[in-house]
Amino acid sequence: MTSFDTSPQLNVWRALLALAVVFVMLATTGWTALRNQRGPTALEASVAAWGHGRIDGRPLPDSDTSPARLARFFASLSDWQRTSLARRYPLAVGNMNGAPVELRYLANRTALEKARSVERARMHDKRLSLSGQREAGQRMNHYDSLLARGRHILAFDPAGAGKVAEVFGNLGRAERVSVVVPGVDTELVTFERTARKYSAPVGMAESLYDAERAASPDTRTAVIAWADYTSPSGLGMEAATASRAEQGADRLNGLVRALPGRAPVSLFCHSYGSVVCGLAADTLPGRVTDIAVAGSPGMRAAKAAHLHTDARVWAMRDANDWIQDVPYLEVGGLGHGADPVSAAFGARVLSARGAQGHSGYFVPGTESLRNFAEIGVGAYRTVACAGEGDTCRAGLSAATAAGRA
């Protein structure tokens, strides 16, 4: 069982360790800078073209307008007109909060086909180094996989390391929606893995979707593998600060506000993804009923109450997860605050039995995955708490514990 020693001596040690880590990173790696982009990206070019476009003689609405207004615009069009826009502006429509979900799937399939053609040409471009040609081949293979029959790509941006989101289940008919928010090193080429499958967003979401259906076969569920933000690369300065999480929080809020229907939404946030969820918490709509974090370095708050959300806040950590050795503090913008599984934080602490380290929380057969699935379908009365007793279920009304509130 993990010990949560909060003695003054240990806190001083952690502070000194944090400063030492910072100095080492500054001395050896320097501040991580974003790569300069020459000219507009493909997505920016598609959005710009949309801004000058027309349909039936009418100008198209601003792509940044509210999802509700965009939804009304698309509802006013014929099927042919909607399909025409998806074909003409695939990246703009495919990433447009407010566009119909099925239309986004179509648009992103078109965008992926174009991106695949670009990488196929780059594979044989003699101006590229052998390493560049291999990278193009790797990306093309990933595009091939995303284009496989039956896959539903909700967002896609090929720029830089790439962003992508995928849906499992029928999002339009779902009675419960879950969103998996991953952590560092999340990009196009790590969106899915063959080895260590359940450490990647696709494996996490697919595993959660299967577990939710097993937990409540009669509940229509949908799970989103959400890698639609620029995560930190590695465990350097970016991972120690909140800049990437702040941008991710805005994008996560935009996603949730644009989801179709009124089904309750649960967020499952792993590692640095929990920083994203913590920063998004106070802006998320009321339909977000649960925020569950695993292997968290902190949520940028001293207590769960400081997240200013009505959602239930759950936390878990495997006893062998290395993240427990990260100093849980925030000094001058470095670090992410209090430990979410500490008693002082005030989250509902769940069992993570069987998770085996930092990347095993979504592995089938683990208590961590079963707990996530039961939260996802609203079966709160059967979640397993950390330690003995039912403290993580304390204060839940009978209706809530039955998963109907």
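Select Thr-190. Leaving out residues up to four places away in sequence, Thr-190 touches Asp-185, Ala-200 and Pro-201 (contact means heavy atoms within 4.5 Å). This is a predicted model, where local features need pLDDT of at least 70, side-chain atom pairs count only at pLDDT 80 or more, and totals for chains, interfaces and linings use all residues. Residues are numbered from 1 along each chain as its sequence is written, and side-chain values use heavy atoms, without hydrogens and water.

Stay on Thr-190. The loop between β5 (176-181) and α8 (201-215) holds Thr-190. Helices (H or I, at least four residues) and strands (E, at least two) are DSSP runs, numbered from the N terminus. Now show the backbone oxygen of Asp-185: a polar atom of the Thr-190 side chain lies 2.7 Å from that oxygen.

Next, colour the sheet. 8 strands form an open sheet, in the order β3-β4-β6-β5-β7-β8-β9-β10, with mixed pairing (two strands pair if DSSP finds at least two bridges between them). Find the edges: β3 (152-157) and β10 (348-349) each pair on one side only.

Zoom in on β10. Strand β9 (residues 312-316) runs parallel to β10, joined by 2 bridges. Select Trp-314: the bridge partner in β10 is Arg-348.

Last stop: α10 and α11. Select residues 243-258 for α10 and residues 273-280 for α11. Among the residues that meet here are Ala-245 and Leu-252 in α10, and Val-275 and Cys-277 in α11.

Technical notes:
A polar contact is a pair of N or O atoms within 3.5 Å; within protein, one must be able to donate a hydrogen and the other to accept it, and residues adjacent in sequence count only if both atoms are side-chain atoms. Axes are lines fitted to C-alpha atoms, for helices over the stretch in contact, and angles run from 0 to 180 degrees between N-to-C directions.
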